[in-house]
Amino acid sequence: MRADDEHAFTEFAQARVLELRRTAYRLCGNWDEAHDLTQSALIRLYRHWTRVAQADSPDAYVRRMLVNIFLDQRQTWWARRVRPFPQPPDVPAPAADVADRLDLMAALARLAPGQRAVIVLRYWEGMDVAETARTLGCSPGTVKSQTSYAITALRRLLPNYVGDRA
Amino acid sequence: MNDQQIAALLAAAPQEPEPPLPPGLLEGLVPAARRDVRRRRATAALCAVVALLLGAGALLIPAGNRDAVPARPSPGKAAGLPDLIAGYSPLTGSVSAAPPGRALLLYGYGNSEMLRTYQTLVLGADADVYRQLDAVPERTKPWLLSPDGRTIVLSEPDREVAEVRVVDLETGQTRQVPVPRPGGVVPLALSPDGNILAYSVVDLGPVAEEAARDAGDYVEWYATGHGELMLLDLRTGQATGTGVVPVSAAAFAPDGQRLVVQSELRTWLIGLDGQRQREVMVPQGYGITVHNAWSPSGLLLAVVPWRSEGIDSGRVYMFDSGTSGAVRTVSIAEPSALRGTADTETFLGWLSDTEVLGHAWDYGSDTGALSAVPLDGSPARVLSRFDDSYRCEFGMQRCVPYEISVAAGLLAGLGTRTAESADRGPWPVGFQIAALATVAVLAAVVWLVRRRVRRRRAGEAIS
């Protein structure tokens, strides 16, 4: 990579690293893993930077890379068997703010990786169905159906929130 | 819980304080990315090299320990015969692509009961080297392997030619040597050094149509009654007529200075100048074997029963296969008395003055065998057997050898060795192209399957 391209990449990475790490955390629910995901996504971005830099929205590319890395890792044998956090209870008890956050994260962790990605992208990152579909590399119909499944699962996992705080 | 509620739930979720970035994450990002790029490039290059090596290996492994240039045996080194002659393989390379060096056998191999399966093969004299003689890939005879095993002389079985072809087994190259009188040409004998060819030439004009229609060796058959013996120096192209008409068999003396020749039912000694020296009065009804009749000591001749067929101008002469097939011997000094007896179906050459090499069916192993046949009438000793597996006609038939020609000068002191892995040389070009196409198709299929699996896994991950 040429020096000016590398300089542009460094500036982009410095500007987006926190935002990417936040998205990664929302996907995986663990800061250490979020750091790894972020670094992997940026390294992958470096390989394709010359082409990505000419695109209208490098952010969309790097976000898609991040989600793909997250989904790929969830497909691995190791990720299927080793959980970096304890199994959450089936029905989280309502509690104070900290407990609420833990309950929400625990409920998200109970979702399938794809459903979790759909929820994070659509409702936390504020993407519409089409953007989410492009980021995940699937059809809008799949995004809609997976959103529906994910909400059903969250309704079961967070019954005390229904019609209460939401 | 609906879309708005879940969005509100997530928006209202208390934010966890974000920890600082790990030290070195940003600073080490570019060096780590560079290492990643380098590692990927190195891996790609390594994979390419491995793929190339595997591809080249797939094509060259059947060549065994083939050398680019055939190894020259040390002078005087005795030739060897494997105790098992390898079976048919369409993957056997060609003489022109990978010269085998000096050869011990030249033979057709195959079967044609329902489907034609055939190849012309040479077997190396010093190792288990097999090559297809691509100069005549589809037919047997007329051919002749030189006594030193280094050259093969080829002609055409059913039409007139203006030259003979000489295949050099050490270079794989074929050259044409013009004959002074075009016609049907039958190679009969080569001098011990392989330089002088004794051949029969016959005018096919009157029988050209019949020759073209005939599926067999019409020229060879017709020449026994009408061909003239010629001597051709393969180095200079100079030919010498002998006036011996007809001629049906010939053999050079071990010193290469004269020949014994079968003409009609009489046997003659001929000098290199083409002049008849004297008649050899072999017993009536006998004549010399078609090839390699003269023993290595120069004292004996191998003789077999001969008969004539046809009338007047259509008369031809041939080995009498109807008479019990023992090969007999006579001495040059006293040729009228039959001496030794070797019980074999086909005489190939002399191993010594007391033993000949014969080819016959080995009923014990149910396959063809090459045997040392004593001339005192005692049982033959099998030296080598042909592969007995069903490899011809897509595994439906055994393969059988046809028209074996031996390097007669290598038979003295012939050893037998345990057969090793056959060195068949590089695959024929057609198979190489097919293999490369198959590898390319397989690679494309693997790539497509991998892409599909990845997409499916990604889809499963979403769903």
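**Why is it called that? A chat about chain B**

Me: What makes B:Ala223 count as buried or exposed?

Reply: A residue is buried if 20 or more other C-beta atoms lie within 10 Å of its own, exposed if 12 or fewer, and partly exposed in between, with C-beta atoms placed from the backbone. B:Ala223 has 29 other C-beta atoms within 10 Å, so B:Ala223 is buried. By that rule, 41% of the 463 residues of chain B count as buried. Keep in mind that this is a predicted model: local features need pLDDT of at least 70, side-chain atom pairs count only at pLDDT 80 or more, and totals for chains, interfaces and linings use all residues. Residues are numbered from 1 along each chain as its sequence is written, while chains are lettered from A and ligands numbered from 1 in the order in which they are written.

Me: Where is B:Ala223, and what does the name of its helix mean?

Reply: You will find B:Ala223 in helix H4 of chain B, residues 218–226. Helices (H or I, at least four residues) and strands (E, at least two) are DSSP runs, numbered from the N terminus. Chain B has 5 helices and 27 strands.

Me: Which residues does B:Ala223 touch, leaving out those up to four places away in sequence?

Reply: Two residues are in contact if their C-beta atoms, placed from the backbone, lie within 7 Å. With that rule, B:Ala223 touches B:Gly184, B:Val186, B:Ser200, B:Val202 and B:Pro246. B:Val186 is 37 residues apart from B:Ala223 in sequence, and their C-alpha atoms are 7.6 Å apart in space.

Me: How do you know that E8(B) and E9(B) pair?

Reply: Two strands pair if DSSP finds at least two bridges between them. Strand E8 (residues 161–168) and strand E9 (residues 174–190) of chain B are joined by 6 bridges and run antiparallel, so they pair. B:Val164 stands opposite B:Val177 in E9(B), and B:Glu163 has B:Pro178 as its bridge partner there. Their hairpin has 5 residues between the strands, with B:Gly172 at a positive phi near 80°.

Me: What makes E6 and E12 of chain B edge strands?

Reply: The open sheet has 7 strands in the order E6-E7-E8-E9-E10-E11-E12 (chain B), with antiparallel pairing. Strands E6 (143–145) and E12 (239–241) of chain B each have a single partner strand, so one side of each is left without a neighbour in the sheet.
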